[in-house]
Amino acid sequence: MTPAEAAAAPTIVVSELTKRFRTGDRSVVALDRLAFAIAGGGITTVVGPDAAGKTTLLRLIAGLLQRDGGSIHVLGRDIAVDATSVQAEIGYMPQRFGLYEDLTVGENLALHADLRQVVGAERRQRFGELLAFTDLAPFTGRLAGQLSGGMKQKLGLACSLLARPRLLLLDEPSVGVDPLSRRQLWRIVERLTDDGMTVLWTTAYLDEAERSRHVLLLHEGRLLDQGPPADFVGRLAGRVLLAQAPPETRRRVQALAMQDAGIIDAAIRGDGVRLLLREGAAPPSAGAIQARSIEPVVSALEDEFVARLAPARRTLPAAPATAAAHPADSEIIAVRDLTRRFGSFVAVDHVNFSVRRGEIFGLLGPNGAGKSTIFRMLCGLLAPSSGAARVAGIDLGRSAAAARARIGYMAQKFSLYGNLTVRQNLAFFARAYGLDRRRRDRRVDWVLDEFDLRAEAESACNDLPLGFKQRLSLGSALMHEPAILFLDEPTSGVDPLTRRAFWLRIAALAEGGVTVLVTSHFMEEAEYCDRLAIIDRGRLAAVATPAALKASVATAALPRPSLEDAFIALIGAGNQAAAA
Amino acid sequence: MSARAAARRIVALMRKETLQVVRDPSSIAIAFVMPLILLLLFGYGVSLDVRHLPIAIVMENVTGDTRSLFESFANSPYIRPVAMTDARRAEAALTAGQVDGIVVLRGDATRSLRGGGTAEAQVIVNGTDANTARFVGAYARGAAATWLQQDLRRRGETGDAGVVVEQRVWFNPELRSTNFLVPGVIAIVMTLIGAMLTALVVAREWERGTMEAMMVTPASMAELTLSRMAVYFVLGLGGMAVSVLMGIFLFHVPLRGSMAALLLATSLFLLGALGLGLLISTAARNQFVAGQIAIVVSYMPAFMLSGFIFDIDSMPTVVQWVTQVIPARYFVACLQTLFLAGDVWGVLLPNMAGMAGFALLFLTLTRLRTRRRLD
């Protein structure tokens with residue numbers, strides 16, 4: 001093969017690739033006869049929800065797993081035959097960045113340089129370039145374990161880039177990283193591809209897929225579709241509609257739309273509700289779903305993804321309870337000058353806000369901004385250093401336990417007991433909240449029906465898919481009919497449909513008068529909130545409705561900013577200054 | 001790839017491993033603080049010596065003879081006799097735990113002792129603590145024999161009291177348990193550093209995804225393993241040095257063997273322990289499971305079955321067979337020989353061969369089970 005031919009040959013060729021995992025005596029198919037080819041250069045994204053097989057695919061390409069069928073050729077060579085020589089030319093960043101936390105930034109880099117024989121003048125030059133590239137130069141003496149999520153990610157990237165790989169494999173580099181770091185990383189990687197590097201990037205974010213050169217759509221081990229993102233745009237002509245509605249009634253419109261059998265999906269967007277029709281279904285009338293107007297829009301990658309996932313897995317959430325006539329503006333959470341110090345570090349610095357009954361209130365901020373600390377104080381798990389917080393009229397400083405009885409809490413990792421069945425989990429949480437026998441039975445039945453869990457009532461929790469666990473976790477938090485619901489990053493890692501279904505339930509609860517407080521990294525989740533508080537380095541940067549936040553950062557160059565743009569504009573400037 | 005590149009990689013990996021040990025307080029604690037605590041505990045806290053056991057001596061007829069027999073019991077440093085006349089009271093005292101045993105001397109006991117050594121003395125012991133029970137039995141018999149000899153001598157008679165036993169204890173004349181516990185503690189500490197710490201460290205690499213990152217570098221699994229073994233080997237020798245120095249200077253345990261022999265025995269055992277730790281880590285990829293396995297297969301056997309606390313020769317035959325596959329047993333035998341007897345090669349060599357065999361077995365198995373893959 002001549003050099004010219006080698007350059008033109010695809011970087012990765014996968015055919016009939018199958019991988020099975022054995023757990024106990026069960027064999028699970030992780031990847032099912034995958035076939036694709038990736039040309040040299042550019043970013044290719046592998047998109048899919050949790051357990052789609054993204055990580056398995058990347059590990060197979062890196063030669064870290066043995067395939068059960070098919071073939072993988074990387075850089076012209078069979079990875080199963082020639083792993084070591086191929087690995088010398090690829091960079092690989094595993095999901096948790098693969099850094100030694102007890103080693104400093106400089107020591108981590110030096111280790112990788114020694115292992116990959118990057119020495120002498122080449123080494124000095126490479127260190128200089130990479131440190132400048134990742135803005136890590138001021139931190140070479142800091143332990144990797146003490147870096148922020150975004151910085152760890154950049155260090156992991158720098159380590160994998162030391163030997164100038166021709167192919168770079170990044171496994172979910174943007175998980176758990178705030179939007180600002182996520183955008184920075186994308187820019188850095190984009191610049192790498194300018195020099196001819198090929199990048200394979202796994203992600204659950206569809207916006208990243210939209211910006212890549214080629215998309216592989218993976219779901220439950222199968223390749224649903226692939227192609228340049230532009231190919232996915234407009235494919236569902238006439239099936240995607242925007243129902244205009246003012247912010248106050250968007251949730252109502254969404255709930256009504258989901259009742260329509262012809263509608264696969266209804267998602268709240270900035271200016272209304274985006275509807276995806278079933279093939280051949282007639283669009284609903286604006287009146288039927290209480291929208292101002294309905295107009296067709298160009299379909300996007302996400303619509304394609306949802307349309308392909310939808311037929312198999314529609315679970316219709318209950319219609320929202322009729323909006324309770326709750327007293328307007330009754331303040332259920334009041335936070336005054338709330339401050340929390342850890343030693344000399346001020347984690348939360350004089351934060352003020354209040355939340356009305358029935359409101360969905362979002363706390364947004366980069367990693368380490370203090371969201372979780374505020375959350376823990378409001379749940380009565382952590383005492384404030386100064387200031388006060390009242391929840392449901394109860395002063396947390398005085399009687400945290402009484403306030404806790406009015407609060408439901410759903411943790412990020414779903415605190416469920418894996419070995420117990422769904423029913424046992426529910427019964428346990430009911431007892432933990434001190435419900436008497438009759439009320440306990442009634443509430444368990446309510447959750448099983450309301451959250452579509454009756455068919456799975458006797459299954460062990462560990463065996464359930466993520467979406468079920470999420471519903472069960474929410475059900476457990478609602479056992480004692482709390483007035484306030486706290487959600488900590490509730491839908492990270494689930495596919496868009498499951499996320500939508502989840503938010504429909506939350507919206508229904510809010511309509512019924514339950515107040516919801518949520519932390520999130522996901523800008524789509526933020527759109528569901530009535531109001532948002534942006535937290536940055538312990539302080540409140542802004543409190544407003546999503547629409548007002550967006551309007552506040554609109555410029556001539558960016559007349560219609562997204563919520564992510566707003567977030568970055570509000571956080572970005574301050575962050576740059578404080579990076580040192 | 002050239003040998004120079006491989007050497008560079010090994011040095012880099014060793015530096016990485018060393019920095020991790022130095023910065024991780026738990027490694028330092030296991031290597032240096034643990035021996036300190038264990039030695040202090042076993043050196044001062046635990047003593048297997050039996051002294052001043054309270055024994056009830058029931059004399060149905062108090063005569064000059066029985067009184068002198070009682071004196072003979074009182075002269076033993078191991079027994080504190082309590083004179084009683086009523087067997088039932090003595091039984092009550094035994095039940096209440098006030099005495100550890102009862103010696104009942106019938107009225108004609110002394111006479112029948114003289115008459116042919118078959119005294120009608122009843123010895124009742126509290127079997128709750130089997131160890132102590134055996135001591136009581138033996139000491140009671142010993143005290144009776146001593147009395148008989150003295151009695152014969154007093155009467156000017158000789159000979160017919162049977163074999164005269166003159167005891168002399170070699171190697172540990174004072175019978176101090178510290179002298180054989182300290183070498184045992186060293187074996188325990190080496191087991192912890194070699195097997196447990198290594199298994200935990202590798203499991204941590206799996207948990208944090210660093211193993212995955214290393215696997216796509218040119219470093220081979222052999223290089224990763226060798227560099228890790230080198231560092232933990234040195235750490236193990238460090239722990240050894242601390243233990244030996246404490247044993248000698250704090251607990252005055254003699255070291256009669258040579259340093260070279262001690263170093264050789266320790267090295268062989270450490271290789272085996274490291275091999276076991278690495279073998280565990282090929283099966284357990286999280287620290288909790290790795291720790292559990294390491295405790296069950298290395299630490300517990302080293303504690304119970306190495307002859308460190310419980311004498312192997314007095315174990316049931318089946319258990320004695322089991323101890324053959326406990327590497328620590330060979331090390332404890334070497335250490336006790338080196339500390340208390342000297343370079344007795346007749347004892348050392350077979351035990352060293354045993355340790356070398358285990359080291360070879362574990363390292364070979366590790367090599368066979370290690371793959372440069374995640375599945």
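In this predicted model, the side chains of Arg228(B) and Glu205(B) form a salt bridge, with N and O 3.0 Å apart. A salt bridge here is a side-chain nitrogen of Lys or Arg within 4 Å of a carboxyl oxygen of Asp or Glu. The pair joins distant parts of the chain: Arg228(B) sits in helix H9 (residues 221-249) of chain B, and Glu205(B) in helix H7 (residues 178-208) of chain B, 23 residues apart. Helices (H or I, at least four residues) and strands (E, at least two) are DSSP runs, numbered from the N terminus. Both Arg228(B) and Glu205(B) are buried. Buried means under 20% relative accessible area, exposed over 50%, and partly exposed in between (1.4 Å probe, protein chains only).

Residues are numbered from 1 along each chain as its sequence is written, and chains are lettered from A and ligands numbered from 1 in the order in which they are written. Local features need pLDDT of at least 70, side-chain atom pairs count only at pLDDT 80 or more, totals for chains, interfaces and linings use all residues, and side-chain values use heavy atoms, with hydrogens and water left out.

Chain B has a mean pLDDT of 83, and 88% of its residues reach 70 or more. pLDDT is the predictor's confidence in each residue, from 0 to 100. The model scores ipTM 0.77 and pTM 0.79. The secondary structure of chain B comprises 14 helices and four strands. Of the 375 residues in chain B, 49% are buried. Among contacts in chain B with a separation of 6 or more, 77% involve residues 24 or more positions apart. Contact means heavy atoms within 4.5 Å.

Chain B is assigned domain 1 (2-47 + 176-369) and domain 2 (53-162). These bounds come from an automatic or database domain assignment. The centres of the two domains of chain B, taken over C-alpha atoms, lie 48 Å apart.

Over all chains, the structure holds 42 salt bridges. One of them pairs Arg183(A) with Asp565(A), at 3.0 Å from N to O. Arg183(A) lies in helix H7 (residues 179-194) of chain A and Asp565(A) in helix H20 (residues 563-578) of chain A, so this bridge ties together parts 382 residues apart in sequence. Arg183(A) is partly exposed, at 23% relative accessibility. Asp565(A) is buried, with a relative accessible area of 17%. Both residues belong to a salt-bridge network that also includes Arg182(A), Asp207(A), Glu208(A), Arg211(A) and Glu564(A).

Another salt bridge joins Arg539(A) and Asp349(A), whose closest N and O atoms are 3.1 Å apart. It links strand S24 (residues 539-544) of chain A, which holds Arg539(A), to strand S16 (residues 345-356) of chain A, which holds Asp349(A); the two residues are 190 residues apart. Asp349(A) is buried, at 18% relative accessibility.

The contact between the chains takes 30 residues from chain B and 29 residues from chain A. Chain B and chain A bury about 2800 Å² between them, 58% of it on carbon and sulfur atoms. Buried area is the accessible area (1.4 Å probe) that two parts lose on being put together, summed over both. Four salt bridges are counted between chain B and chain A. Arg59(A) and Glu212(B) form a salt bridge, at 2.9 Å from N to O. On the side of chain B that touches chain A, helix H1 (3-23), H7 and helix H8 (210-215) of chain B each give two or more residues. H1(B) gives the most, with 10 residues.
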